[in-house]
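Subject: Structure for your review

Dear colleague,

Please find below the structure that I am handing over to you. I would be grateful if you could look through it before reading my notes.

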Amino acid sequence: LVCIELEERLEDARDELFSAGYYNADKDVDVTIDELRRLSRKIHRGIALFSLPSQAKERRKRFEKEKAIQRRARRDQEEEEKAFREKEDERRRGVLHETLFDPLLSAPEAASLPVAFELGVPAGDEDALLIWAPGNGE
């Protein structure tokens with residue numbers, strides 16, 4: 001579609017054609033439109049080329065839209081899973097913190113210190129220091 005209109009009305013014509021489903025086809029034309037523009041300036045008119053979308057473009061547009069919807073759904077699902085994992089990790093950290101520092105679950109120091117002194121080396125002869133934090137039931 002070639003639209004020849006007064007320069008001041010060309011933008012309005014473009015808007016009307018865009019709203020009707022046409023798109024700007026200046027770049028789709030194999031032949032340059034410079035000659036048409038030069039001729040239209042002589043008669044004080046503007047020129048614009050328009051075309052309706054082809055079936056292939058419409059299919060590609062629908063396909064891209066579907067892919068975008070799928071990406072969005074996948075991203076939303078990943079965010080939900082991440083939030084669930086973070087919540088679960090926070091719960092686990094809370095449980096570990098409670099059990100690690102719970103005096104009722106740990107052996108009393110008075111019971112474990114004599115074993116450490118009995119099996120240990122004399123002061124000053126040690127090569128390494130082992131710190132063992134027993135788990136539940138150990």
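The notes below go from the whole chain to single residues.

Please keep in mind that this is a predicted model.

**The chain as a whole**

The protein chain contains four helices and three strands. Read from the N terminus, their order is β-α-β-α-β-α-α. The chain has 138 residues, of which 9% are buried. The protein chain exposes about 12,200 Å² of surface, and 56% of that area comes from carbon and sulfur atoms. Contacts can also be sorted by how far apart the partners are in sequence. Of the contacts between residues at least 6 apart in sequence, 70% join residues at least 24 apart.

**A buried serine**

Ser-40 belongs to helix α2, which covers residues 34-42. Is Ser-40 buried or exposed? Ser-40 counts as buried, because its relative accessibility is 5% and buried means under 20%. Leaving aside residues up to four places away in sequence, Ser-40 touches Arg-45, Gly-46 and Ile-47.

**Charged patches on the surface**

Glu-78, Glu-79, Glu-80 and Glu-81 form a patch of negative charge on the surface. One of them, Glu-80, is located in helix α3, which spans residues 55-100. Glu-80 has a relative accessible area of 57% and is therefore exposed, since exposed means over 50%.

The other group carries positive charge: Lys-67, Arg-71, Arg-74 and Arg-75 make up a positive surface patch. Lys-67 is also part of helix α3. With a relative accessible area of 32%, Lys-67 is partly exposed, because this value falls between the limits of 20% and 50%.

**Salt bridges**

How many salt bridges are there? The count comes to four, and I describe some of them here.

- Asp-76 pairs with Arg-72 in a salt bridge, with 3.4 Å between the closest N and O atoms. Both residues lie in helix α3, four residues apart, which is about one turn of the helix. Asp-76 is partly exposed at 28% relative accessible area, and Arg-72 is partly exposed at 48%.
- Arg-91 and Glu-88 are joined through their side chains by a salt bridge, at 2.5 Å from N to O. These two residues are three apart in helix α3, again about one turn of the helix. Arg-91 is partly exposed, with a relative accessibility of 48%.
- Arg-92 forms a salt bridge with Asp-89, and their closest N and O atoms are 3.4 Å apart. Why are Arg-92 and Asp-89 separated by about one helical turn? They are separated in this way because they are three residues apart in helix α3. Arg-92 is partly exposed at 46% relative accessible area, and Asp-89 is partly exposed at 33% relative accessibility.

Yours sincerely,
A colleague

Conventions: Residues numbered from 1 in each chain as written. Predicted model: local features only at pLDDT ≥ 70, side-chain atom pairs only at ≥ 80, totals over all residues. Heavy atoms only, no water. Buried < 20%, exposed > 50% of the residue type's maximum accessible area, 1.4 Å probe, protein only. Contact = heavy atoms within 4.5 Å. Areas by Shrake-Rupley, 256 points an atom, 1.4 Å probe, with all protein chains shown as cover. Patch = residues over 30% accessible without salt bridge, like charges linked within 9 Å, V, L, I, M, F, W, Y side chains within 5 Å. Lys, Arg positive; Asp, Glu negative; His and termini not counted. Charge placed at Lys NZ, Arg CZ, Asp CG, Glu CD.
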